[in-house]
Amino acid sequence: MRKPMNTQNATGDSFVKLMQIMLELREQCPWDRKQTIHTLRSMTIEEMYELVDAIDNNSWQGIKEELGDVLLHIVFYATIATEQNQFTLQDVIEGICTKLIQRHPHIYGDVTVKDEEDVKKNWEKIKIKEGKKSALSGVPAALPAITKAARIQEKAKQTGFEWNNKEEVYAKIEEELEELQDAIKAGNEEHTEEEFGDVLFSMINYARFLKIDADAALEKTNKKFIARFTAMEQKAAGQNKQLTDMSLAEMDAIWNEIKKGA
């Protein structure tokens, strides 16, 4: 009978292999040797978006490949840090291990929790004890606005600053829409922008209460619009026309035809 492979040892061997390759590239390849944490930054962001695309497309093969690229970047940053006597990859790994243990006292300590909400509340309490000055200080400034709004709301919730139910949130949306209309009627562009932002923030909050990822929902709509608009261009081309040559009514008729066939 065949013995099962020791996956931990195999994974460890692969990880050591990756680290060795990184060291060799850093020594021998002019491009790899030239890179700094600053030149890698934009490429890292791009790799993360490629991973997100693979996740959105439910492409396990793509996810596997993009995770490899992200892992490469982690090793790359740690290698540069080691060269500059800042920290090592082992420091990074030990750091996250320590953090996970400290922030899961219901697993590694004597804390009792009922559900995931209790877990999140404990996290926020622990972060404050670790020196965080605000419950919102852990929200990265560079996050895209929709994701940032959702994270801010989640963080605020853990302190108890939260609506009681989705009906209250919807009422807030209606209130913000009225204020937006008032600002538009007043012709105050700066106030209009502010109120529009309040409407979006309230809508994201409502999505959270509906257990919907606002960013993912918007991206699905983006993809749906692109697919329908492209189909509309193709139908127009089939009539030897371009959209720029058609009236809005003609385009709308094609759009509705595509929607019915979707």
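Which elements each supply at least two residues of the lining of the second largest pocket? Select α8, α10 and α11, and you have them. (Helices are DSSP runs of H or I with at least four residues, numbered from the N terminus.)

Before going on, a word on ground rules. This is a predicted model, where local features need pLDDT of at least 70 and side-chain atom pairs count only at pLDDT 80 or more, while totals for chains, interfaces and linings use all residues. Residues are numbered from 1 along each chain as its sequence is written, and side-chain values use heavy atoms, with hydrogens and water left out.

**Stop one: the second largest pocket.** Zoom in on Ile146, Leu200, Met203, Ile204 and Ala214, which lie nearest its centre among 16 lining residues. A pocket here is an open set of points on a 1 Å grid over the protein atoms alone, where a 1.4 Å probe fits, with protein on both sides within 12 Å along at least five of seven lines; lining residues have an atom within 4 Å of a point. The volume, meaning the space filled by probe spheres set on the points, is about 390 Å³. α10 gives the largest share of the lining, seven residues. Colour by type and you'll find 14 nonpolar, two polar and no charged residues.

**Stop two: the largest pocket.** Now pick Ile146, Thr147, Asp213, Asp215 and Ala216, the ones nearest the centre of a 34-residue lining. The space here is about 960 Å³. Show α3 (37–56), which gives the most to the lining, with seven residues. This lining has 17 nonpolar, two polar and 15 charged residues.

**Stop three: the largest nonpolar core.** Select Ala231, Met232, Ala236, Leu243, Met246, Met251, Ile254, Trp255 and Ile258. A nonpolar core is a set of buried Ala, Val, Leu, Ile, Met, Phe, Trp, Tyr and Cys residues joined through side-chain atoms within 4.5 Å; buried means under 20% relative accessible area (1.4 Å probe, protein chains only). Four of the core residues, the largest share, come from α12. Click on Trp255: leaving aside neighbours within four places in sequence, Trp255 is in contact (heavy atoms within 4.5 Å) with Phe225, Arg228, Phe229 and Met232. A second, separate core of seven residues includes Leu40, Val75, Ala78 and Leu89.

**Last stop: the largest cavity.** A cavity is a set of points where the probe fits but cannot get out. This one has a volume of about 40 Å³. Its lining includes Glu124, Lys127 and Ser134, and α7 gives the largest share, three residues.

Note on methods:
Ala, Val, Leu, Ile, Met, Phe, Trp, Tyr, Cys and Pro count as nonpolar, Asp, Glu, Lys and Arg as charged, and the others, Gly among them, as polar. Buried means under 20% relative accessible area, exposed over 50%, partly exposed in between (1.4 Å probe, protein chains only).
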